[in-house]
Amino acid sequence: MPDTYSNFRELQLHEQEDRDYRIKVSQNWHQVLVVAPHGGNIEPYTSEIAQWIAKEDFAWYLFEGIRDIEVRKLHITSHNFDEPTLLQALHEAYIVLTIHGLKNSTEEFLMIGGLDSEFTTLLRIELQNRGFIVKDCEQKYRGERATNICNRGRTGKGVQLEISYALRSRIVKDAECRNRFVDAIRSVIKAQELR
């Protein structure tokens, strides 16, 4: 389904902040930035997962749909997402990880995209080692455009995780699964920071 709005300015003309959507950011910018551009009711649980990964160590940014009806209208495709606060945060970030949601509510899996091939390979290995199913990325989830927000940090390459609804739901409800998932990702980010 195509987006209703082609960029943030267009969305801003028709939707009201704190009624239809809200923007939440961490207190400090950091060289690691975890982003949920379709958080809240748009792609449920992506906001929570982004914050669990970031904890207090990394910067985080959330764009959240907060209304209950027609919330899908607030979805702006990642290569068109140009909200100014996020663009500012991206200027500070060397490592960018975006968290997205797939609709699949029966299978627990994720796909890893983005232009940082070393980071994506290490994430795939670590997540599979911890028992998670990582499927090959379908074309539309590869995150290969330079304008995709995961690739707009200082290095020009980043990572996006597309997580099925079934897996997101399990991560939220099952603390053991959540800790295993978050620890896997954080361990790879910390290794990347040391490069």
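Contact here means heavy atoms within 4.5 Å. All views are taken from a predicted model.

View A. With a relative accessibility of 2%, His38 counts as buried, because the category requires a value under 20%. A polar atom of the His38 side chain lies 2.8 Å from the backbone oxygen of Ile76. When neighbours within four places in sequence are set aside, the contacts of His38 are Glu43, Thr46, Phe63, His75, Ile76, Ser78 and His100.

**View B. The buried face of helix α2.** Helix α2 spans residues 46–54, and its buried residues include Thr46, Ser47, Ile49, Ala50, Ile53 and Ala54. Viewed down the axis of α2, the buried residues fall within an arc of 165 degrees, so they line one face of the helix. Among the elements that cover these residues are the strands β2, β3 (59–65), β4 (95–102) and β7 (159–164). The cover also includes the helices α5 (165–173) and α6 (175–193).

**View C. The crossing of helices α2 and α5.** The axes of α2 and α5 come within 10 Å and cross at roughly 55 degrees. The two helices, α2 and α5, are therefore oblique to each other. The crossing of α2 and α5 is left-handed in sense. On the α2 side, Thr46, Ile49 and Trp52 take part, and they meet Arg168, Ile171 and Val172 of α5.

**View D. Residues on either side of helix α2 with positive phi.** Most residues other than glycine have a negative phi. Tyr45, a residue other than glycine, has a positive phi, near 75 degrees. Tyr45 is located in the loop between β2 and α2. After α2 comes Lys55, for which phi is likewise positive, near 50 degrees.

**View E. Glu70 in the loop between β3 and α3.** Glu70 is situated in the loop that connects β3 with α3, the latter formed by residues 84–92. Phi of Glu70 is positive, near 50 degrees, in a residue that is not glycine. Glu70 has a relative accessible area of 55% and is therefore classed as exposed, since that class covers values over 50%.

Key: Residues numbered from 1 in each chain as written. Predicted model: local features only at pLDDT ≥ 70, side-chain atom pairs only at ≥ 80, totals over all residues. Heavy atoms only, no water. Buried < 20%, exposed > 50% of the residue type's maximum accessible area, 1.4 Å probe, protein only. Polar contact = N/O pair within 3.5 Å; in protein donor to acceptor, adjacent residues only side chain to side chain. Helix = DSSP H or I, 4+ residues; strand = E, 2+ residues; numbered from the N terminus. Arc of directions from axis to C-beta. Axes fitted to C-alpha atoms, helices over the stretch in contact; angles between N-to-C directions. Parallel < 35°, antiparallel > 145°, perpendicular 65-115°, else oblique. Left-handed = near helix turned anticlockwise from the far one by under 90°.
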